[in-house]
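Reader: I have a structure open and would like to learn how to read its features one at a time. Could you walk me through it?

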Amino acid sequence: GTSLHNSFPRLHHAMSQLPCANAVSQQTLHTPIACTHQEPRHAPLPPHDQPNQPPLTREYYGLPTDKIILCNFNQLYKIDPMTMGLWLDILKATENTVLWILRFPPAGEQNIRMHIHAAGVDQSRVIFSPVAGKVEHVRRGALADLCLDTHACNGHTTGMDILWAGTPMLTMPGDTLASRVASSLVTALGCPELVAKSRQDYLDKAVELVTDPNKLVNLQMKVRRARTIAPLFDTRLLTRHLERSYFSMWSNYEKHRRPRHLTVEPVSGSTVPATHRHGLSTTTPLKYPSMTDPISIAVAVAKSRNGKDKHFRVSGVTHQHQPQMKQEQSARLCAHDQYYRRPEPPCLHSATPMIGMATPVNL
């Protein structure tokens with residue numbers, strides 16, 4: 001009270017005139033950065049059939065509560081020497097950061113630690129965690145502040161996971177498909193500023209975000225808003241574009257009888273809010289460039305009461321579904337489930353030596 005009166009006498013006088021000015025009032029202030037002692041408000045909720053999940057706190061995973069957490073949850077084989085060098089340069093350029101990565105495969109941890117020691121970085125600034133179940137894996141990504149993507153082979157499924165957790169992912173595309181997936185993801189999310197143009201740009205962007213808390217928080221909030229409205233997680237929009245693509249291919253075959261390059265016009269105004277994407281409708285009205293009348297595409301075909309096959313009509317052609325195709329099976333085609341995706345297969349033949357493998361490589 002004394003310091004307030006001395007520093008801001010007018011403010012102190014004004015507050016003293018308020019009703020109940022001497023009463024104690026406690027309110028909660030929610031900052032954009034995740035609270036370290038309780039679950040982050042932006043973290044994905046666990047599914048109803050798996051409610052018992054580990055505590056979603058930094059303390060539980062051995063993470064510092066006063067540092068910026070840089071993470072990458074790819075398997076260690078994806079870490080090439082150039083990427084690891086960039087990560088270590090980021091750690092050396094910033095004092096308030098730690099790197100959070102997986103201990104998988106376990107034999108790769110020793111090799112990673114060798115390179116950390118060789119770079120003169122304190123071992124405590126790189127934190128290893130074991131592989132977690134799918135639900136825990138997605139949810140704990142919300143504890144990180146920024147994801148640093150691998151270069152030679154990007155995060156594909158793991159990239160989707162970390163973005164769905166609400167954590168920005170910085171990436172640098174290469175010349176191969178595997179090295180350009182993450183840039184496609186963040187672009188579809190509406191965050192092209194997360195795509196670095198070069199190694200130096202990757203380093204500069206990471207250091208800038210770490211040293212500018214306001215910019216990092218604004219980017220985090222942008223990602224968390226975009227995941228509910230951007231096309232990246234709009235499964236229904238993807239389905240409609242895929243259906244339109246099939247009709248364009250068939251129309252081209254009927255007209256030209258040979259393959260050719262096709263450009264599928266986007267479906268306008270079809271982005272569906274996340275809260276409505278779980279609903280299942282039996283028909284989806286579509287209108288294709290080569291057709292004048294809307295077409296109803298059946299997305300759920302149920303078995304009829306008498307056990308006979310059901311039919312539906314598309315563009316004047318009658319199609320037949322087998323009885324075993326149940327409604328719930330069709331529903332999964334449009335389901336929006338970010339927790340149960342097939343893990344990507346390991347890259348067994350890579351032209352780039354990966355320092356996360358069990359056998360050390362010379363840089």
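**Charged pairs and a strand**

Author: Let us start with Arg-103, which counts as partly exposed because its relative accessibility is 29%. Buried means under 20% relative accessible area, exposed over 50%, and partly exposed in between (1.4 Å probe, protein chains only). This is a predicted model, where local features need pLDDT of at least 70, side-chain atom pairs count only at pLDDT 80 or more, and totals for chains, interfaces and linings use all residues. Residues are numbered from 1 along each chain as its sequence is written, and side-chain values use heavy atoms, with hydrogens and water left out.

Reader: With which residue does Arg-103 form a salt bridge?

Author: A salt bridge is a side-chain nitrogen of Lys or Arg within 4 Å of a carboxyl oxygen of Asp or Glu. Here the partner of Arg-103 is Glu-109, with the closest N and O atoms 2.5 Å apart. Glu-109 has a relative accessible area of 13%, so Glu-109 is buried. Glu-109 also meets Arg-113 in a salt bridge (3.0 Å, N to O). Shared partners join Arg-103, Glu-109 and Arg-113 into one network of salt bridges.

Reader: Where do Glu-109 and Arg-113 lie?

Author: Helices (H or I, at least four residues) and strands (E, at least two) are DSSP runs, numbered from the N terminus. Both residues lie in helix 4, four residues apart, about one turn of the helix.

Reader: What does the salt bridge between Asp-145 and Arg-58 tie together?

Author: The two side chains meet at 2.9 Å, N to O. Asp-145 lies in the loop between helix 5 (134-140) and strand 4 (146-148), and Arg-58 in the loop between helix 2 and strand 1, so the pair ties together parts that are 87 residues apart in sequence. Asp-145 and Arg-58 are both buried.

Reader: How should I read the side chains of a strand?

Author: In a regular strand the side chains alternate between the two faces of the sheet. In strand 3 (residues 126-129), Val-126 and Phe-128 point one way, Ile-127 and Ser-129 the other way, and all are buried.

Reader: Which strand is joined to strand 3, and by how many bridges?

Author: Two strands pair if DSSP finds at least two bridges between them. Strand 2 (residues 97-102) runs parallel to strand 3, and four bridges join them. The chain crosses from strand 2 through helix 4 (residues 107-118) to strand 3 in a right-handed β-α-β crossover. Right-handed means that, with the strands pointing away from the viewer, the path from the first strand over the helix to the second runs clockwise.
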